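Please open the structure in your viewer and keep the selection tool at hand.

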Amino acid sequence: MLAEVIRTLYSYNRWATERVLDAAGRLTPEQLHAPGEAGHGSIHNTLLHIISTQRSWLSWWDGSLSPEEAYRFRLNPTDYPDLLSLRRAWEELERDTAAFVSRLSEDDLQRIREMPLPDGNVFRQALWQMMLHVANHGTQHRSEVAAMLTHFDCSPGGLDLLFHLWPRGAS
């Protein structure tokens with residue numbers, strides 16, 4: 001049951017992020033990079049942060065990076081100067097995320113992951129808890145981007161989970 005919940009949550013994460021990216025497509029380049037009052041300073045930087053953070057966690061979970069490498073991972077903003085490059089990064093990340101999520105078992109989600117932290121402590125958490133954190137992190141920053149988009153009259157519309165589930169026949 002938990003695996004199905006995680007798959008639903010990451011399906012929602014994809015849907016909501018794509019709505020935000022679609023709305024951002026109506027911005028001028030100046031608006032995309034304009035300083036904002038939420039998130040990471042601009043719509044561009046906040047979107048890049050969402051993508052970079054999810055990529056770093058996924059890279060640990062899927063084993064493509066060690067926990068220490070994933071902890072230090074950040075996308076270079078100069079490699080993603082515009083919305084098209086952000087969208088391409090998101091699409092690649094989403095393909096990788098969907099493949100990972102589709103393979104998850106209940107046992108996978110319960111497994112504890114560990115990583116030594118720079119301060120000498122050890123981070124320990126079940127995969128399901130980390131995955132909830134990353135999805136929730138995306139929700140926070142999407143809402144910040146949505147507020148900035150609305151300031152430019154480019155609201156992405158409703159981003160509630162309910163709006164994602166209703167068209168799919170959920171009760």
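**The hairpin**

Begin with Gly120, which takes a positive phi near 95° in the hairpin of E1 and E2, where 5 residues lie between the strands. Bear in mind throughout that this is a predicted model.

Next, select strand E1, residues 112-116, together with strand E2, residues 122-126. The two strands pair in the antiparallel sense over 5 bridges.

**Helix H5**

Select residues 83-103, which form helix H5. This helix has 21 residues and reaches 30 Å from its first C-alpha to its last, close to the 30 Å expected at 1.5 Å a residue.

Colour the buried residues of H5, among them Leu86, Ala89, Trp90, Leu93 and Thr97. Arg87 and Glu94 are also buried. An α-helix has 3.6 residues a turn, so residues three or four places apart point the same way.

What covers these buried residues? The cover includes helix H1 (2-24), helix H2 (29-33), helix H3 (43-61) and helix H7 (127-151).

**His164**

Move to His164 in helix H8, residues 161-165. Is this residue buried or exposed? His164 counts as buried because its relative accessibility is 2%, and the limit for buried is under 20%. Leaving aside residues up to four places away in sequence, His164 touches Thr8, Ser11, Tyr12 and Trp15.

Select His49, Ser52, Thr53, Ser56 and Arg74, which lie nearest the centre of the largest pocket. This pocket has a volume of about 330 Å³ and is lined by 18 residues. H3 and helix H4 (67-72) are the elements that give two or more residues to its lining. The largest share, 8 residues, comes from H3. By class, the lining of the largest pocket divides into 11 nonpolar, 6 polar and 1 charged.

Finally, turn to the second largest pocket, with a volume of about 160 Å³. Its lining includes Gln31, Pro35, Glu37, Ile43, Glu144, Met148 and Phe152. Here H7 gives the largest share, 4 residues. The lining of the second largest pocket has 7 nonpolar, 3 polar and 2 charged residues.

Definitions and conventions: Residues numbered from 1 in each chain as written. Predicted model: local features only at pLDDT ≥ 70, side-chain atom pairs only at ≥ 80, totals over all residues. Heavy atoms only, no water. Expected span 1.5 Å × (residues − 1). Buried < 20%, exposed > 50% of the residue type's maximum accessible area, 1.4 Å probe, protein only. Contact = heavy atoms within 4.5 Å. Pairing = 2+ DSSP bridges. 1 Å grid on protein atoms, 1.4 Å probe; cavity = no way out; pocket = protein on both sides within 12 Å on 5 of 7 lines; lining within 4 Å. Points joined across faces, edges and corners; volume = space filled by probe spheres on them. Nonpolar A, V, L, I, M, F, W, Y, C, P; charged D, E, K, R; others polar.
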